Amino acid sequence: MRSVFQYCRRRVWSLLAAIFPVMLALGIVQSAKAAAIAGLPAAMPVISCEMLGKTDLASFVGASVDHQVSVVLETPKGKFCKVTGQIAPTISFEVDLPMEHWTQRFLLGGCGGLCGMTRVGVSNAGACAPALNGEFVMAGDDLGHIGSMMGLQQGFFGKDPQKRIDFAYRANHLTTLAAKALTKAFYGQAPKYSYFVGCSDGGREALMEAQRFPDDFDGISAGAPAALFTVQNSFYHAWNVRGNQRADGTNILLQDRVSILHDAVVRHCPTLSGVADGILEEPRACHFDPAWVQCPADQTNTSECLTAEETQAALRIYSGATDASGRSYILHGPFPGSETQWALPSSPTGESMSNGIAASAIAYVISQEVNEKAADLTLFQFDQATFDAMNELAPLYNAENTNLHPFQRRGGHLILWHGLADQSISPVNTIAYYQGVQKEMGRTLTDRFLRFYLLPGVGHCGNGDGFPQVDFLSPLMAWTENGTAPNALLTERTAQSDLPMGAPGRKPGGAGKIGGGQIHAAVVPSQPYASPNGAAIASRPVYPYPFIARYTGHGDVNSAANYHPVKTSVVLPMTFDSYSTSLIGPDNQKDYTVRDGKLAVLEHTHG
């Protein structure tokens, strides 16, 4: 039988063949063991799809499961048995099971934004044959509620405390139990390997699974995780709005002006890759100077520079929410080089993506009590009392538990990644979490099960000026199933890399658009297999943190084969003078229930 990994293996080794000697010399690669994995034999169903729809799942899930429907789904990748249902009280789910070529693997895809829809799919897997061929049992759920992913109404589910619990952590776990039970009933055996792949809130969900339910998945890919949920969706996004407004509420820095800022950063900041392409390999080494963009005081033509007012607004966005003394409530604002991803309003009276995120979350989801008036962000106070109120439910929502010992001990593997041009969620949030895991578990043990990648020039969950096309599932599977730890990964730019994921705002001809994360997921068709990668027009390796890619000085600068790893010159570990640092640490999560119509903490905590 032809290996299901043959396609993935060719791509990995075409890159490693060129850079392996240098990586070995630096101690990044431990051995020359091949990454090939023998294909798992396909298992056939032992009952009909119709019978599967009648399977009793309540005993497996621990909650009633109603309205199960089973149909045969015809796709270009073959037939699937599609099962839909609802786990009490309102968790809608879908499980699609291959009828012809299941190779004993299960995958659950995370849901972005505040979810509210059921969608089966997988991202960042477009070069992996098993995913492309539809060889996984795949599942998805709506995190316990139905609603829009954008706008004020996206948070309405927060009026129901049980739906808050389901959104925070319960829905994905119970869907996983249901999917595994259906798999065993359909094929007569449980999955041999189980995977979770998610980005944005899906990244938070991925980490939540590793932290709260370490037995659910063997391999997890967490991209741009909204792990610091209570701060991210309140102080971070509210500041993006308020810090860019005048006293009368009108906006200062607009979409059609941000390219001036970005172009100045590109002119002045070293790329550190050895290539002058405007992609900052290490944006932490760049320190923005207002003089780069601010018009002289006597200059009236501001078409190629920013006014003093605009410059100060940009500085506030870079710095993020602070108190009167300058201490930050957040860990960090967006990095230099991310400017074309900033979701700025298009007019002085328009609203940005940050406005919708913060208004909805603050009013309905984050606070202990629903307060619809809080959707008016002019009422939001950047002070300690508000910070404490916003984080009262941090043990419910946040995925910042650095104690991953249970996940590691049971053999779990985790790939953590973030785009360095992400404006929606600061990459520093993920850096801080990674450092927290290292502090809690030690660097040696952390390296045994966790790899962390930062993608230069890549926005929120994709797009941007960098190389956003990357397959994280193949290396995750090779690590999980064969013990081959991932090292250099191939990232690519395609002709489609500039497609918008949110509101447009990039100057014409640019390679990136202002990103809205996985907002686009609401219009992406549900399908139980991966979409193939686009044709690459350029490639570059990305190395495990804290290494960056540098051009060797020879060959095509657009070929990954002509780069080698160099350790960052930034002083590590990073230190943070932020109120948010107290939210990252071991055993800081709690289980919740509903008593008398309100959220209540269960006596035991999650560690």
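The model is a predicted one, so local features need pLDDT of at least 70 and side-chain atom pairs count only at pLDDT 80 or more, while totals for chains, interfaces and linings use all residues. Residues are numbered from 1 along each chain as its sequence is written, and side-chain values use heavy atoms, with hydrogens and water left out.

Taken as a whole, the protein chain has 16 helices and 18 strands. Helices (H or I, at least four residues) and strands (E, at least two) are DSSP runs, numbered from the N terminus. Of the 607 residues in the protein chain, 61% are buried. Buried here means under 20% relative accessible area, with exposed being over 50% and partly exposed in between (1.4 Å probe, protein chains only).

Helix α7 (residues 229-242) and helix α10 (residues 353-366) have axes that come within 8 Å and cross at roughly 135°. The axes are lines fitted to C-alpha atoms, for helices over the stretch in contact, and the angles run from 0 to 180 degrees between N-to-C directions. The two helices are therefore oblique to each other; angles under 35 degrees count as roughly parallel, over 145 as roughly antiparallel, 65 to 115 as roughly perpendicular and the rest as oblique. The crossing of α7 past α10 is left-handed, a label used if the near helix is turned anticlockwise from the far one by less than a right angle, with clockwise giving right-handed. On the α7 side, the residues making the contact include F229, N233, H237 and V241, and those on the α10 side include S354, A358, A361 and V365. Sorted by type, the residues of this contact come to 9 nonpolar, 7 polar and no charged. Ala, Val, Leu, Ile, Met, Phe, Trp, Tyr, Cys and Pro count as nonpolar, Asp, Glu, Lys and Arg as charged, and the others, Gly among them, as polar.

Next come the aromatic rings. Rings of Phe, Tyr and Trp (its six-membered ring) pair if their centres lie within 6.5 Å; planes under 30 degrees apart count as stacked, over 60 as edge-to-face and the rest as tilted. By this rule there are 29 aromatic pairs. Y318 and W342 make an edge-to-face pair, at 5.1 Å centre to centre and with 75° between the planes. Since Y318 lies in helix α9 (residues 308-319) and W342 in the loop between α9 and α10, the pair ties together parts that are 24 residues apart in sequence. Both Y318 and W342 are buried. Y551 and Y563 form a tilted pair, with 5.7 Å centre to centre and 55° between the planes. Here Y551 sits in strand β15 (residues 547-551) and Y563 in strand β16 (residues 563-567), 12 residues apart. Y551 counts as buried at 17% relative accessibility, as does Y563 at 1%. Ring pairs also join F235, W239, Y329, F380, F382, F387 and Y579 into a cluster.

Helix α8 (residues 258-268) has several buried residues, namely V258, S259, I260, L261, H262, A264 and V265, and their cover includes α9. V258 has 1% relative accessibility, and its C-alpha atom is 8.4 Å from that of L344, 86 residues away along the chain. C286, in the loop between α8 and α9, is buried too, with a relative accessible area of 7%. Setting aside neighbours within four places in sequence, C286 touches C269, W292 and P336.

The peptide bonds from A88 to P89 and from L572 to P573 are cis, with omega near 0°. P89 is in the loop between β2 (78-87) and β3 (91-98), and P573 in the loop between β16 and β17 (589-595). C115 is not a glycine, yet has a positive phi of about 60°; C115 lies in the loop between β4 (105-109) and α4 (129-132). L143, in the loop between β5 (136-141) and α5 (161-187), likewise has a positive phi of about 60° without being a glycine.

Terms used: Contact = heavy atoms within 4.5 Å.
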